[in-house]
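Welcome! Here is a short briefing to read alongside the structure, grouped by topic.

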Amino acid sequence: MAGHTPPRQLALALPHAESLSRDNFLEGPGNAAGLALVDAWPEWPARAMFLVGPDGSGKSHLAAIWAEQAGARSLSAQALDAAAVPGALATGALVLEDLKAGEIDERALFHLLNLARQDEAYVLITTREAPASLPIALNDLRSRLRAIPAIELLPPDDQLFRALIVKLCADRQLAVDETVVSYLATRIERSYAAARQAVAQLDAESLRLGRPVTRALAGELLRKHDGSAPPAS
C-alpha cells in the first residue's frame with residue numbers, strides 16, 4: 001500500500017554464547033605468559049598467583065581453562081565472606097574473580113590465603129590492578145598480596161586484535177568479511193573492551209535495521225560517535 005512504512009525491527013538483547021574452552025582461546029604475545037601459567041599447573045612458582053589485566057583482556061577465559069584443569073571452584077571476590085572460606089577451598093583449588101580494593105572483606109580474604117597456605121591449596125586471583133597498587137587497609141593482607149607473584153596480560157597486537165574481532169562476531173553468529181574486520185581494527189581503540197563494545201553495538205544495529213553487518217554499517221555506526229570507538233553502554 002502506497003505510503004505504508006514497514007514496522008521497525010526491535011533490537012532484542014538476546015544472550016549469546018561465548019566459548020571459554022582452551023581450544024577457543026586466542027593466543028598472542030600479550031597473553032602468552034598467562035597461558036603459559038595455566039599450562040604449567042601444577043608446577044607453579046607459588047600456590048597463589050595473580051592474573052592482572054584490563055577489563056575484557058581474557059582473565060576470565062584463562063581462569064576458566066585453569067578451573068577445568070584443576071577442578072577449581074570459582075567465586076567473585078566481592079562475594080567472599082568468612083563463612084564462605086572453608087567451602088571455597090573444598091576442592092583444593094579456587095579462582096577468586098575480579099579483586100577490587102574497597103569491595104572486599106579484607107579479613108575474609110586474609111583468612112582464605114592463610115587457610116590455602118595451610119591446606120596447600122591453589123588460588124588464582126584475577127584483578128584489573130597490579131597487587132602493589134591495591135589500597136588495602138589491613139597491613140598483614142597488604143603484605144601477603146604483594147608477595148604473591150603476578151602475571152600481567154598486555155594489550156593485543158594487530159594479528160590478535162583482528163582474530164579477536166572475528167571471534168566476537170562468531171560468538172554472536174555474525175557473518176563478517178575481511179573488510180569489516182580491517183575497518184574496525186584500524187578505527188577503534190586496540191583493547192579487548194573496545195572490540196567487545198563495537199561488536200555488540202554492530203550486532204544491535206544490524207538487528208534494529210534488519211541489515212547485514214557490512215563495512216558501510218560499521219562506518220555509519222562509528223560516525224555516530226565522531227569516528228571513535230562506541231562508548232561503553
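**A first look inside**

W66 is buried, with a relative accessible area of 0%; buried means under 20% relative accessible area, exposed over 50%, and partly exposed in between, using a 1.4 Å probe and protein chains only. This is a predicted model, where local features need pLDDT of at least 70, side-chain atom pairs count only at pLDDT 80 or more, and totals for chains, interfaces and linings use all residues. Residues are numbered from 1 along each chain as its sequence is written, and side-chain values use heavy atoms, with hydrogens and water left out.

**Aromatic rings**

- The whole structure holds 4 aromatic pairs; rings of Phe, Tyr and Trp (its six-membered ring) pair if their centres lie within 6.5 Å, and planes under 30 degrees apart count as stacked, over 60 as edge-to-face and the rest as tilted.
- W44 and W66 are stacked, because their ring centres are 5.1 Å apart and their planes are at 25 degrees.
- This pair ties together parts that are 22 residues apart in sequence, because W44 lies in the loop between α1 (32-40) and β1 (48-52) and W66 in helix α2 (residues 59-70).
- Helices (H or I, at least four residues) and strands (E, at least two) are DSSP runs, numbered from the N terminus.
- W44 is buried too, with a relative accessible area of 10%.
- W44 and Y122 form an edge-to-face pair, because their ring centres are 5.8 Å apart and their planes are at 90 degrees.
- That pair links distant parts of the chain, 78 residues apart, with Y122 in strand β4 (residues 122-127).
- Y122 has 13% relative accessibility, so Y122 counts as buried.
- Ring pairs bring W41, W44, W66 and Y122 together in a cluster.

- In β1, 5 of the 5 residues are buried, so β1 is largely enclosed by the rest of the structure.
- A48, F50 and V52 point one way from β1, while M49 and L51 point the other way.
- β1 runs parallel to β4, joined by 5 bridges; two strands pair if DSSP finds at least two bridges between them.
- F50 has I125 in β4 as its bridge partner.
- β1 also runs parallel to strand β5 (residues 150-152), joined by 3 bridges, and L51 stands opposite I151 there.

**How confident is the prediction?**

- The chain has a mean pLDDT of 87, and 86% of its residues reach 70 or more; pLDDT is the predictor's confidence in each residue, from 0 to 100.
- Over residues 1-15, pLDDT stays under 50.
- Residues 227-233 also have pLDDT under 50.
- Where pLDDT is low, the predicted coordinates should not be read in detail.

Key. Contact = heavy atoms within 4.5 Å.
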